[in-house]
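Here is a short note for a colleague who is meeting this structure for the first time. Please keep the sequence and the coordinates at hand while reading the points below.

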Amino acid sequence: MRDILKMITVLTLIGAASGMALSIIYEATKAPIEYQTIKFIKEPAVKKVLTGYDNDPILDRKKITIGEDERGRPIELIIFPAKKAGKTFAVALEGKGKGFAGLIGVMVGVSKDGKLLDIGITSHSETPGIGSRVAEASFTEKFKGLKAEAGVKIDSISGATYSSKGVIAAVNQAIGYVNNFKKEIF
Amino acid sequence: MSIKDEFTKGFWEVLPPFRLVLGLCPVLAVTTTGINGMGMGLATTFVLVFSNLFVSLLRRFIPNQVRIASFIVIIASFVVIVELVMQAYFYPLFKILGIFIPLIVVNCIILGRAEAFASKNGPIASLADGLGIGLGFTISLFVLGSIRELLGSGTLLEIPVMWSSFEPFAFMLKPPGAFVALGLLLALMNLITQVQARKGGVS
């Protein structure tokens, strides 16, 4: 009996100590991990769609609440502002659209006067060589300079209609966010 | 054995992947470049040193029946620490090593040292043992990774070193190439041991 009690006590103590140590380290690394994830996954796309800024859009990022999920938790959207002399003149934000195989993430640059600057694909799992062509410049360039209004239309790439529609849907979603939350964003 | 012997035995006598042929999963999987091998090796060393230290410190309190469970909890805690710290400060390396960082938990070198050494020896000897074995493992991975990198992509530490008409031997970067490189290194080490034994007059 004493043996069993000792086993239980020792294992409980080790488990508790480990759990406490890990929770402390988790809290300490939370912010740097978030920064790194954004830096290595989103930054290339943000740099592509924004130009002419003199701040660090990654460091100046802000979160706005765009609604609630079914459990009542807020859904947050990360905005990357491009500033010149302290004034935001354009933002980059990510929209998602359903492609041929899962969601396509698209970083969209929108200027303050309501024009699309450029788009960049952040994540997709489209068929390599077919659907993946939507990430090429020949397609993404078609969005440059369009008006940032609901229902943007672009000719699809033949053979990659679903993927193209996914990108267009993602761009429209991002435009929708900008137009609905203009005050918070700019 | 003295503390120094505990430390240096990891470099040749019980060099983990070659002498003990243990922990081969990361050895074969992540050694596509020297840097990757070194990153994996250092992560493993960190876990090994601290798990050895804590197992050794707690060895009198842990009842024999639950020792393996306790060792695993200690090892797993340090693996999670490595994973979080790497993700926070060495993100590109973290992306490359991927699943092999959490898999350090099941690396038999670490549990092997905890069970065979740290649970029977004092904390200082255990630290020396962990550090020696860990660095031996790191060097092994770095050498294997560098050989594969040199032949497979013609670079060393990501700097091109081969002549301009060198055709990269892409096979070396694939998993079968890892086995071939490992086998050649093992053969070389056995040859050196044999020559040494003959010189020393020991058969």
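Predicted model: local features only at pLDDT ≥ 70, side-chain atom pairs only at ≥ 80, totals over all residues.

## Notes on the two chains

1. The strands concerned are β4(A), which covers residues 103–111, and β5(A), and the two pair in the antiparallel sense over six bridges.

2. What is the order of the strands in the open sheet of chain A? Five strands form this sheet, in the order β1-β2-β3-β4-β5, and their pairing is antiparallel. At the edges lie β1 (62–68) and β5 (116–123) of chain A, each of which pairs on one side only. From one strand to the next, the twist averages 30°.

3. Within the sheet, β2(A) and β3(A) run antiparallel and are joined by six bridges, and Ile79(A) stands opposite Leu93(A) in β3(A). These two strands form a hairpin with two residues between them, and Ala85(A), which lies in the turn, has a positive phi of about 50°.

4. The next pairing along the sheet is that of β3(A) with β4(A), which is antiparallel and extends over nine bridges; here Lys98(A) stands opposite Leu103(A) in β4(A). β3(A) and β4(A) also form a hairpin, with four residues between them, and in its turn Gly102(A) has a positive phi of about 85°.

5. Which helices of chain A pack on the sheet? Helix α1 of chain A, residues 2–49, packs on the sheet and touches β2 (74–84), β3 (87–98), β4 and β5 of chain A, with a direction that makes about 160° with that of β5(A). Helix α3 of chain A, residues 161–180, packs on the sheet as well and touches β1, β2, β3, β4 and β5 of chain A, while its direction makes about 135° with that of β3(A).

6. Taken as a whole, chain A has four helices and five strands, and from the N terminus on its elements run α-β-β-β-β-β-α-α-α. The reader may wish to look at the overall dimensions of this chain, since a compact globule of 186 residues would have a radius of gyration near 16 Å, but chain A has 22 Å. Along its principal axes, the C-alpha trace of chain A spans about 75 × 45 × 30 Å.

7. For its 203 residues, a compact globule would have a radius of gyration near 17 Å, and the 18 Å of chain B agrees with that. The C-alpha trace of chain B spans about 65 × 55 × 25 Å along its principal axes.

8. How do α4(B) and α8(B) pack, and at what angle? Helix α4 of chain B (residues 34–58) and helix α8 of chain B (residues 123–153) pack at an angle of about 165°, with their axes 8 Å apart. Because angles over 145 degrees count as roughly antiparallel, α4(B) and α8(B) are roughly antiparallel to each other. Their crossing is right-handed, and by class the contact of α4(B) with α8(B) has 16 nonpolar, 14 polar and two charged residues.

9. Helix α8(B) also packs with helix α9 of chain B (residues 175–200), at an angle of about 120° and with the axes 10 Å apart, and that angle makes α8(B) oblique to α9(B). The crossing of α8(B) and α9(B) is right-handed. On the side of α8(B), the contact is made by Leu144(B), Ile147(B), Arg148(B) and Gly152(B), and on the side of α9(B) by Gly177(B), Ala178(B), Ala181(B), Leu182(B) and Leu185(B). By class, the contact of α8(B) with α9(B) has six nonpolar, two polar and one charged residues.

10. Finally, how many residues does each chain bring to the contact between chain A and chain B? Chain A gives 17 residues and chain B gives 19 residues. By class, the side of chain A that touches chain B has 11 nonpolar, four polar and two charged residues.

Methods
Residues numbered from 1 in each chain as written. Chains lettered and ligands numbered in written order. Axes fitted to C-alpha atoms, helices over the stretch in contact; angles between N-to-C directions. Parallel < 35°, antiparallel > 145°, perpendicular 65-115°, else oblique. Left-handed = near helix turned anticlockwise from the far one by under 90°. Nonpolar A, V, L, I, M, F, W, Y, C, P; charged D, E, K, R; others polar. Pairing = 2+ DSSP bridges. Contact = placed C-beta atoms within 7 Å. Rg over C-alpha atoms; globule rule 2.2 N^0.38 Å.
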